[in-house]
Amino acid sequence: MLENYELSPGEKKFIGWHLVFGILALSIGSLFGPLQAFEHAGLDLYPYLQPLFKSYYQGLTLHGVLNALVFTTFFITGFLTLTVTYGLTRPLRYPKLNAVGFWMMVVGLVTTAVPLLMDEASVLYTFYPPMQAHWSFYLGLTLVVVGSWVEGWGFYYTYYAWRQENKGVRTPFISFSSLITMVMWQIATLGIAAEILTMLLPWSLGWIDGADPQLARTYFWFTGHPLVYFWLLPAYISWYGMLPKQAGGKLFSDSLARLAFWLFLLLSVPLGFHHQFVDPGVPAGWKFLHAILTYSVFLPSMLTAFTVVASLEYAGRQRGGKGLLGWIRALPWDDPSVTAQLLAAILFVFGGIGGLTNASYNVNLVIHNTAWVPGHFHLTVASAVTMSFMGISYWLIPYLTGKKLWKPKWAVIQSWIWFVGMIIFSNAMHVVGLLGAPRRTPLGLAPYIPEEWNGHLLRVGIGGAIMFVGMYLYVFIVAKTAFAKHAEPATVEIPVAEAMHDPQETPDWLDRWVPWLIGTVALILVAYGPQLIDQIANISLTSPGFKVW
Ligand code: HAS
Ligand code: CU
C-alpha cells in the first residue's frame with residue numbers, strides 16, 4: 001500500500017520549507033560553537049567580532065536557542081508532517097491549518113531572533129530569571145511553541161479522518177509514533193507556556209514588578225526535560241521505523257517499538273526535578289521521586305537499544321554478515337544516511353550512560369553546573385539527534401527536491417568527521433567537568449585556570465574545530481543538493497521498515513490512546529501536583545530583572 005503512495009508537490013514544498021528554516025537556524029547557530037570551543041582553548045575571537053557580536057554570552061545564547069530550540073522544532077514538525085501523512089497514506093486533513101501553524105513558527109523565529117541579534121536577550125537557552133530579556137524574546141518563543149501545537153492539531157485531524165475509515169486497523173508505526181511524540185510535546189510545553197504567559201512576559205513588559213526564580217525553574221524544567229525526548233523521539237522513529245529498511249532488514253519487534261513510545265509518553269514529563277537537585281526550594285523527597293522516575297525512563301531507551309540492534313543484526317546477517325560481529329561490517333556503511341544514524345546511535349550509548357550518572361542524586365552534586373553537562377548533551381542532542389537528522393536529510397532532501405544527493409561519498413566522510421570531532425570534544429568536556437571546570441563560562445578569560453585543565457581545554461578546541469568542518473560540510477552538501485541547477489534526477493523511496501511480525505498481531509492495548517493518556521496525566525499529577533500547588537501558593541514575585549551581560 002505504502003509503495004503506491006506519493007506526497008503531492010505542495011506537501012513536499014511545505015515540508016521543504018520546514019527544513020530550509022531549520023537548517024538555516026542550524027547554520028547560524030553553529031557559527032558560535034567553535035568560538036566557544038576556541039575560547040576554552042585560550043583563543044578568544046570575540047574581540048574581533050565587535051560590534052557585530054558583543055560577548056561570549058550572546059554567542060552562547062544564539063548557539064543554544066538556534067540549534068537546540070529552533071533547528072529541532074522546525075526539522076521535527078517538518079519530518080512529522082511526512083511521517084504522519086505518508087504512514088496514513090493520506091494528505092493533511094486541513095493543510096491550511098498546518099500552514100497557519102508553520103507561519104506562526106516563522107514569525108516567532110523572527111521575533112526571537114531580533115532581540116537575540118541586538119544583544120537584548122543574552123539569557124541563554126534556559127532563560128532563567130532574574131536575568132531578563134526583551135519581551136519580544138519571550139513572545140517569539142511562545143509563537144514558535146504555539147505554532148508547533150497548531151501543526152500538531154492538524155496531525156490529529158488527519159489521524160481522526162484515517163481512523164474513521166480504518167476501524168480496528170493498527171496505526172502504521174511511523175504515524176503512530178509521530179502522534180505520540182506530538183501529544184507528549186503538547187503536554188510537556190504547558191510548563192513554559194505557564195512560565196512565559198503568567199510570569200516572564202508580563203514581567204518583561206513591566207506589568208508586574210518581580211519574578212519568582214524558583215517557580216520559574218520548576219515550570220521551565222517541567223518542559224525542559226521532556227523537551228529532550230521531543231528531540232530524541234523523531235530519531236527513534238527513524239531508528240525503529242526506517243533504518244532497518246535502509247540497512248536491508250526488518251523491524252525486530254513492532255510491539256516493543258510501540259511499548260517504548262507509550263512509555264515515553266507516560267514517563268517523559270514527571271521527572272524534571274532531576275535538573276533541580278541543587279534547588280533549595282524543592283524538598284528532598286520530591287527530588288528522590290523524580291530520580292526514581294528518571295531511572296524508569298531509562299527503560300524505553302534500553303528497549304530501543306535492544307530492538308534496534310536486533311533489527312540491525314538481522315539486516316547485517318541478511319547481507320551475508322557472519323560470526324559474532326561480522327554483521328556490523330556487512331551493514332551498508334557506504335550509505336551516508338545509514339552511517340550517520342549508526343554513528344549517532346553509537347555516540348548515544350555514551351550519552352545515555354552519562355544521563356544515568358546525572359540522574360543519580362548524589363553524583364549529580366559532583367557534575368552539576370560543570371562542563372560535564374554540555375559534554376553530556378552534545379552526545380545526546382548534538383549527536384544522537386542532530387546526526388540522525390543529518391542522516392534523514394540525506395534521503396529526505398533528494399526525495400523532496402527530486403535531485404540526487406550531491407557526492408554521497410562526501411556525506412559519508414561528513415558523518416565520520418562529526419563523529420571524531422564529537423568524541424574528542426565531549427570526552428574532554430566530561431573530564432574537565434570532573435576536574436571542576438564550570439559550564440556557561442568563558443574559561444579562557446578566567447584568571448583561575450588550574451594547570452591540569454589546560455590539556456583538556458585544548459582538546460575542546462581541537463574537537464570543536466573538527467566539528468566546525470563537519471557541520472559546514474553538511475550544510476554545503478545539502479545546499480548543493482537542494483539548489484543544484486543541473487542535478488541528476490533522483491527516484492527516492494521513503495524508507496519504511498516492515499516488521500518481522502504482522503503489526504495486526506500486536507496486542508490491541510498497544511494501539512489504544514485512552515488508558516495511556518489517563519496514566520500519563522495521573523502520573524504527572526502525582527509527581528508534580530503537590531509541589532506546583534505549594535510553589536504557586538507561596539509565589540513570591542519579588543525579584544527585579546537583571547541585565548548581567
Ligand atoms: Fe540528559 C541534562 C539525565 C538523555 C539532553 N540532558 C541534560 C541537558 C540536556 C540534556 C540538553 O538526571 C542539559 C540541560 C541544561 O542546560 O541544564 N538525560 C538524562 C537521562 C537520559 C538523558 C537519564 N539528555 C538525554 C537526551 C537528551 C538530553 C536523549 C537530548 C536529546 N540529563 C540528565 C540529567 C541532567 C541532564 C539528570 C541534569 C544534569 C545537571 O545537573 O544539570 C536518558 O534518557 C538516557 C537513556 C539512554 C540510553 C542509551 C540507549 C542507547 C541506544 C543506542 C543503541 C545503539 C545502537 C548502535 C542501536 C540508555 C538506544 C548500534 C550500532 C551498530 C554499529 C551495531
Ligand atoms: Cu532531563
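A: Happy to. One definition before the metals: donors are N, O and S atoms within 2.8 Å of the metal, and water is not among the atoms, so sites may look incomplete. Also keep in mind that this is a predicted model.

Q: Thanks! How far is the iron atom of ligand 1 from the copper ion?
A: The iron atom of ligand 1 and the copper ion, ligand 2, are 4.5 Å apart.

Q: And which protein donor does the iron have?
A: His376 is the only one, through its NE2 atom at 2.2 Å. His376 sits in helix α15.

Q: What else surrounds ligand 1?
A: There are 38 residues around ligand 1, and the closest are Tyr125, Tyr229, His368, His376 and Arg439. Sorted by class, the shell is made of 26 nonpolar, 11 polar and 1 charged residues.

Q: Which polar side-chain atoms lie by an oxygen atom of ligand 1?
A: Tyr125 has a polar side-chain atom 2.7 Å from an oxygen atom of ligand 1. Arg439 also places a polar side-chain atom 2.7 Å from an oxygen atom of the ligand. For His274, a side-chain N or O atom is 3.4 Å from an oxygen atom of ligand 1.

Q: Which elements give two or more residues to that shell?
A: Those are α8 (213-241), α11 (284-318), α12 (326-330), α13 (336-359) and α15 (372-401). Helix α13 gives the most, with 9 residues.

Q: Changing topic: how many salt bridges are there?
A: A search of the whole structure turns up 12. One of them joins Arg217 and Asp279, with the closest N and O atoms 2.7 Å apart.

Q: Where do those two sit in the chain?
A: Arg217 is in helix α8, while Asp279 is in the loop between α10 (254-267) and α11, so this pair links distant parts of the chain, 62 residues apart.

Q: Are they buried or exposed?
A: Arg217 and Asp279 are both buried.

Q: What about Glu493, which residue does it pair with?
A: Glu493 forms a salt bridge with Lys245, and their closest N and O atoms are 3.8 Å apart. Because Glu493 lies in the loop between α17 (454-482) and α18 (513-537) and Lys245 in helix α9, the pair ties together parts that are 248 residues apart in sequence.

Q: How accessible are Glu493 and Lys245?
A: Glu493 has a relative accessible area of 47%, so it counts as partly exposed. Lys245 is partly exposed too, at 36%.

Q: And Glu498, what does it meet?
A: The side chain of Glu498 meets that of Lys250 in a salt bridge, 3.7 Å from N to O. Glu498 is in the loop between α17 and α18, and Lys250 is in the loop between α9 and α10, 248 residues away. Glu498 is exposed at 52% relative accessibility, whereas Lys250 is partly exposed at 27%.

Q: Which residues form a network of salt bridges?
A: Arg170, Asp508 and Arg512 are linked that way.

Q: Which residues other than glycine have a positive phi?
A: Among them are Thr89, with phi near 45 degrees, and Lys407, with phi of about 45 degrees. Thr89 is in the loop between α3 and α4, and Lys407 is in the loop between α15 and α16 (408-434).

Conventions:
Residues are numbered from 1 along each chain as its sequence is written. Chains are lettered from A and ligands numbered from 1 in the order in which they are written. This is a predicted model: local features need pLDDT of at least 70, side-chain atom pairs count only at pLDDT 80 or more; totals for chains, interfaces and linings use all residues. Side-chain values use heavy atoms; hydrogens and water are left out. A residue is near a molecule or strand if one of its heavy atoms lies within 4 Å of it. A polar contact is a pair of N or O atoms within 3.5 Å; within protein, one must be able to donate a hydrogen and the other to accept it, and residues adjacent in sequence count only if both atoms are side-chain atoms. Helices (H or I, at least four residues) and strands (E, at least two) are DSSP runs, numbered from the N terminus. Ala, Val, Leu, Ile, Met, Phe, Trp, Tyr, Cys and Pro count as nonpolar, Asp, Glu, Lys and Arg as charged, and the others, Gly among them, as polar. Donors are N, O and S atoms within 2.8 Å of the metal (3.2 Å for Na, K and Ca); water is not among the atoms, so sites may look incomplete. A salt bridge is a side-chain nitrogen of Lys or Arg within 4 Å of a carboxyl oxygen of Asp or Glu. Buried means under 20% relative accessible area, exposed over 50%, partly exposed in between (1.4 Å probe, protein chains only).
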